[in-house]
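Student: Can you walk me through this one? I'll ask as I go.

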Amino acid sequence: MLPIIFVLPLLQLVILSNAATFEVKNIKFAYIDHDHSSSSRALIEKFEASTYFNVLTDFPSETQASSAMLKGEVDVVLEIPSHFERNLQKEKNANLGITINAIDGAAAGVENVYVSQIIQSYNKHIKTDLMQRLDAQIQPVNIASIPLFWYNETLNYKTYMVPGILVLLVTMITLFLSGMNIVREKEIGTLEQINVTPIKKSQFIIGKLFPFWVIGMGLLTIGLILARLIFDVPMIGSLFLMYFYTSIYILVILGMGLFISNFTDTQQQAMFIAWFFTVIFILMSGLFTPIESMPEWAQTLTEFNPIKYFVEVMRMVMLKGSGLMDILPQLIKTLVYALIMNGLAVWSYKKAS
Amino acid sequence: MGITVSNISKSYKDVKALQKISFEVKPNELFGLIGPDGAGKTTLFRILTTLLIANEGHATVAGFDVLDDFKEIRKHVGYMPGKFSLYQDLTIEENLEFFATIFGTTIEENYELIKDIYVQIEPFKDRRAGKLSGGMKQKLALSCALIHKPKVLFLDEPTTGVDPVSRKEFWEMLKRLQQKGITILVSTPYMDEAALCDRIALIQDGEILQIDSPENIVKQYPKTIYDVSANNMYQLINSLKAYQHQHSVYPFGEFVHYTDKRTDFNPKDLKQYLEAQQLSNIRIEKTQATIEDSFMELAK
């Protein structure tokens, strides 16, 4: 059992961290060029030069392009109207048609930004071209923003995902193990033997907690080593602080698991309830979708989500180097949560029925 | 220091598991609860071991009330549930050590008490409990139940699923434990084991039918029992059941236990009747009543 507990989650860490990416690459790009002018070719060359786009083909007609999109062969279709170059030169204004496959809304949004960026830079070229020709005296006034990405300069999504996925693994393993535990003893009948002994409720619960707490900390350690060695995730903050917070956090999850275990009669029931909570906690943790973009009521709910605090703390400490004072609000909330959950676990464990 | 039970009732939703049960187990007595499956034996055990709270009634174990002094009871009783409930992935020795520790004692401290039993399984002490045979599991469970030197020992169907030799050994062990001053309450569905108890309570459908020593229960059997045998067992039972004067007919090993309604019953009448039913090799002999006969009579 012990190898399974450690090997499988770490495999998940390696696989998920590499696979779960928000970056949109290899966009299948096609175009319909009605103009066949030097301007239109220059625009297409810009797309060919981009690393994000795989320029596949040009379609002679719109119908063929849309049927190809229906089959999923292309993601983005650029339509250059006839007289594109003429309009650009004469009226200094031209329209382009962009069709984006938006089944995955988030990806479509990103693709739109990429396309706009390329067209904008093309636009700038044209502008200077046209201006030189028409009126060299007037200097263009341009406002450009140059973003700086702090704490993750290269926008490496792995830096962002690895701490989060590590949180998930530590949470899921400890929750499932503790959730199955007491109920398993109920099933095999060993609990009955324990219940006729003078052992105190709190002693029993602590005895149940401790091994899983050690496993959780062990999992964190191995996960951090992998994060460092394989993914080269920066660890700016104090490791001690990370462990200190995790040691309290695991108590919350274990208390929750034991509470579930006390209320159920079979392992299936416990499994189902544990699964219900993990799915909600994970999807509302801010790991995959930002909490800020959730509706108000959902944001309020996330206040009760321990995973949210763990994800925040891990990212803050690992990537930003936050200190004790920075994570104090999360730390206090987690501590209160741990006290409540373990209190409930002790209370709900009844030796007599 | 024994057990007193007065008017204990317990029901699970619509099922009445126990109905106003009352009895007393004297200190240092080996008391048997005899009844078929579903009679309420386990429910009663769970109430007395403070695992279950009765709907009505009072009970004391070793002088402690099961409701008010449940903590004391847990220190002073040993309980061996019907289902093997030790840790299967711990070895014999680890299990014993574990339970000794929980009770705040050590194996050495009470080794005298379990010595007889433990020496039989000691050669396998590094084997995991899950890998033991039925008889060995039962010996280990008994050792664990005794490790803290309990005043009262509860054994819920300890011999169910155990081979006849181990069963016999087990009852010998119980007798020895009784001599060491332990009050024992044991339940069993086997009527032949009942005769080994000091006193027994016959229990069925949550009600006690009779409480007495096994000898007295047998003595009080109201009828004369005849062993009847013939060449065809099946036909014999059917014929006897169809006989107008029959009081009870139960198969009992190679014989049929037969009682008659009439007080002036003459076996010859029965023999004639059976011969008329084309049965041969008919033998009819008087025999002693057993606990089983008494139980069947009371349960009628």
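Student: What is the strand order in the open sheet of 4 strands in chain B?
Tutor: The order is β12-β13-β11-β14 of chain B, and the pairing is antiparallel. Strands pair if DSSP finds at least two bridges between them. Strands here are DSSP runs of E, at least two residues, and helices are runs of H or I, at least four residues, numbered from the N terminus. This is a predicted model: local features need pLDDT of at least 70, side-chain atom pairs count only at pLDDT 80 or more, and totals for chains, interfaces and linings use all residues. Residues are numbered from 1 along each chain as its sequence is written, while chains are lettered from A and ligands numbered from 1 in the order in which they are written.

Student: Which are the edge strands?
Tutor: β12 (246–252) and β14 (283–287) of chain B, each of which pairs on one side only. From one strand to the next the twist averages 30°; axes are lines fitted to C-alpha atoms, for helices over the stretch in contact, and angles run from 0 to 180 degrees between N-to-C directions.

Student: How many bridges join β11 to β14 in chain B?
Tutor: 5, with β11 (residues 225–229) of chain B running antiparallel to β14(B). D227(B) has E285(B) as its bridge partner in β14(B).

Student: And which helix packs on that sheet?
Tutor: α9 (residues 233–242) of chain B, touching β11, β12 and β13 (255–260) of chain B. The direction of α9(B) makes about 165° with that of β12(B). Contact means that the C-beta atoms of two residues, placed from the backbone, lie within 7 Å.

Student: Switching topic. How is chain B divided into domains?
Tutor: Into domain 1 (3–219) and domain 2 (225–299); the bounds come from an automatic or database domain assignment. Their C-alpha centres lie 37 Å apart.

Student: How many residues of each are in contact?
Tutor: 11 residues of domain 1 of chain B and 8 residues of domain 2 of chain B. On the domain 1 side, α8(B) gives the most, with 3 residues. That side has 9 nonpolar, 2 polar and no charged residues. Ala, Val, Leu, Ile, Met, Phe, Trp, Tyr, Cys and Pro count as nonpolar, Asp, Glu, Lys and Arg as charged, and the others, Gly among them, as polar.

Student: What about the open sheet of 6 strands, what is its order?
Tutor: β6-β7-β8-β3-β9-β10 of chain B, with mixed pairing. β6 and β10 of chain B each have a single partner strand, so one side of each is left without a neighbour in the sheet. Neighbouring strands are turned by 15° against each other on average, direction ignored.

Student: In which sense do β3 and β8 of chain B pair?
Tutor: Parallel, over 5 bridges, between residues 30–34 and residues 183–188. L33(B) has S187(B) as its bridge partner in β8(B).

Student: Where does α5(B) lie?
Tutor: Across β6 and β7 (152–156) of chain B, at about 160° to β6(B).

Student: At what angle do α3 and α5 of chain B cross?
Tutor: Roughly 20°, with the axes of α3 (residues 92–102) and α5 (residues 134–146) of chain B coming within 9 Å. I92(B), N95(B), L96(B) and F99(B) in α3(B) meet L140(B), S143(B) and C144(B) in α5(B).
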